[in-house]
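This report accompanies the sequence and structure displayed below. Please keep both in view while reading.

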Amino acid sequence: MKSHYVEQLELGQAVKDIFILSRRNLKEKKDGTHFAVFEFTDRTGMIEGILWDNAQETVKYFKSGDFVLLNGTVNDYNGKLQIVVSSISPVDDREVDSADFLPASEENIEKVIKEIHGFVNAITDQHLKRLLELFFLDESFIMQFSRAPAAKRAHHAYLGGLAVHTRNMACLTDKLHDVYPACNSDLLMTGVLLHDIGKIHEYAYQRKLDITIKGHMLGHIIIGNDMIVEKISQIEDFPDDLKLKLLHMVIAHHGEYEWGSPKVPLFGEALLLHFIDNLDAKLEMIMHELRRNTNRERLWSDFHPLLEREIYLGE
Ligand SMILES: [Fe+2]
Ligand SMILES: [Fe+2]
């Protein structure tokens, strides 16, 4: 069990504890020698670290993702906490308790899965319902779906994050039918429930949150597409046009080419899926900033690279 968590670090504090070295970067000083900038992570968050001496030599021994024993002092850099590193040394994985490093949902995930099952049961289209059952009644799928994060960093980046993100989107979808009755609510709900299932293989979430080789090479959109195609092939007479529309929705859910979407949404349900996804992801980024800053007297977050703004943290 760790005694120093990122979330609780205070200015001036001496730190000697295990962290994940989540990033390492060597930079050159004006005199030609080097210093190193690190990111240290545990289940409560991330803090930057800086090593002034012997940086080139030290960095050689570590790669991103290694567990390290960090020795240093918490300092202030431009109003932000940072660790001035005295030393880092390697740690045997067997000394590490993974519960210290994997952030987990505060919600009861079994309850979240029950809510998702409720949405599956409410589907009236028999083909779509069968397809959803092939996933959500499959125990091994549910085991992975309940544990997977929705991201490594961007949003819902914790165990159970994928299930929470999907349930939130399903709740929003459930309310949309009254406003847009012309939309096919079964199709939209199916797209929502399946849009990110590829993440169960995109991320590693056993010892630490990371992207798998498959995730790096294919990404969750392509992986999810293949998973859906495979299950549809097991359903007799699944209509071709329904299959095409559902696959398009999954493929286009990132909405814009520059956000990694192979296609932009081409009909109403696809556009709605994209915006519901975007809404839940962005709102969670804001809520995350609020949660991780509750103990610190700050009015503004650091610049958020994905939201491209500082978040107001005041009351
Ligand atoms: Fe996605
Ligand atoms: Fe998503």
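Predicted model: local features only at pLDDT ≥ 70, side-chain atom pairs only at ≥ 80, totals over all residues.

**The barrel**

Five strands form a closed barrel in the order 1-2-3-5-4, with mixed pairing. On average, neighbouring strands of this sheet are turned by 50 degrees against each other, direction ignored.

| Strand pair | Sense | Bridges | A pair of opposite residues |
|---|---|---|---|
| Strand 1 (residues 14-28) and strand 4 (residues 66-77) | antiparallel | 8 bridges | Ala-14 and Thr-73 |
| Strand 3 (residues 45-51) and strand 5 (residues 80-90) | parallel | 3 bridges | Ile-50 and Val-84 |

In the UniProt record, an unreviewed entry, residues 27-90 carry the feature "domain: OB". This span is 64% strand and 8% helix, and its end C-alpha atoms lie 22 Å apart.

**Two asparagines with positive phi**

Asn-78 is located in the loop between strand 4 and strand 5. Its phi is positive, about 50 degrees, although Asn-78 is not a glycine. Is Asn-78 buried or exposed? Asn-78 is exposed, because 6 other C-beta atoms lie within 10 Å, and a residue with 12 or fewer counts as exposed.

Asn-54 is likewise not a glycine and has a positive phi of about 60 degrees. Asn-54 belongs to the loop between strand 3 and helix 1 (55-59). Asn-54 has 13 C-beta neighbours inside 10 Å and therefore counts as partly exposed.

In soluble globular proteins, nonpolar side chains tend to be buried together. The largest nonpolar core in this model has 40 residues, and those with the most contacts inside it are Ala-163, Ala-170, Met-189, Val-192, Leu-193 and Leu-273. Two or more residues of this core come from each of helix 2 (109-121), helix 3 (126-136), helix 5 (161-179), helix 6 (185-194), helix 8 (213-232), helix 9 (240-251) and helix 10 (268-292). Which helix gives the most to this core? Helix 6 does, with 6 residues.

Val-192 illustrates the contacts. Leaving aside residues up to four places away in sequence, Val-192 touches Met-169, Ala-170, Thr-173, Leu-273 and Ile-276. Another core, of 17 residues, lies apart from the largest one; Phe-19, Leu-21, Ile-83 and Val-85 are among its members.

**Helix 5**

The buried residues of helix 5 are Gly-161, Leu-162, Ala-163, Val-164, His-165, Thr-166, Arg-167, Asn-168, Met-169, Ala-170 and Thr-173. Against which elements do the buried residues of helix 5 pack? Their packing partners are helix 2, helix 4 (139-147), helix 6, helix 7 (199-202) and helix 10. Two of the buried residues, Ala-163 and Ala-170, are also listed with the most contacts inside the largest nonpolar core. Three of them, Met-169, Ala-170 and Thr-173, are touched by Val-192.

Definitions and conventions
Residues numbered from 1 in each chain as written. Chains lettered and ligands numbered in written order. Core = buried A, V, L, I, M, F, W, Y, C linked by C-beta atoms within 7 Å. Buried ≥ 20, exposed ≤ 12 C-beta atoms within 10 Å, placed from the backbone. Helix = DSSP H or I, 4+ residues; strand = E, 2+ residues; numbered from the N terminus. Contact = placed C-beta atoms within 7 Å. Pairing = 2+ DSSP bridges. Axes fitted to C-alpha atoms, helices over the stretch in contact; angles between N-to-C directions. UniProt positions renumbered as here; feature names shortened; annotations may be inferred.
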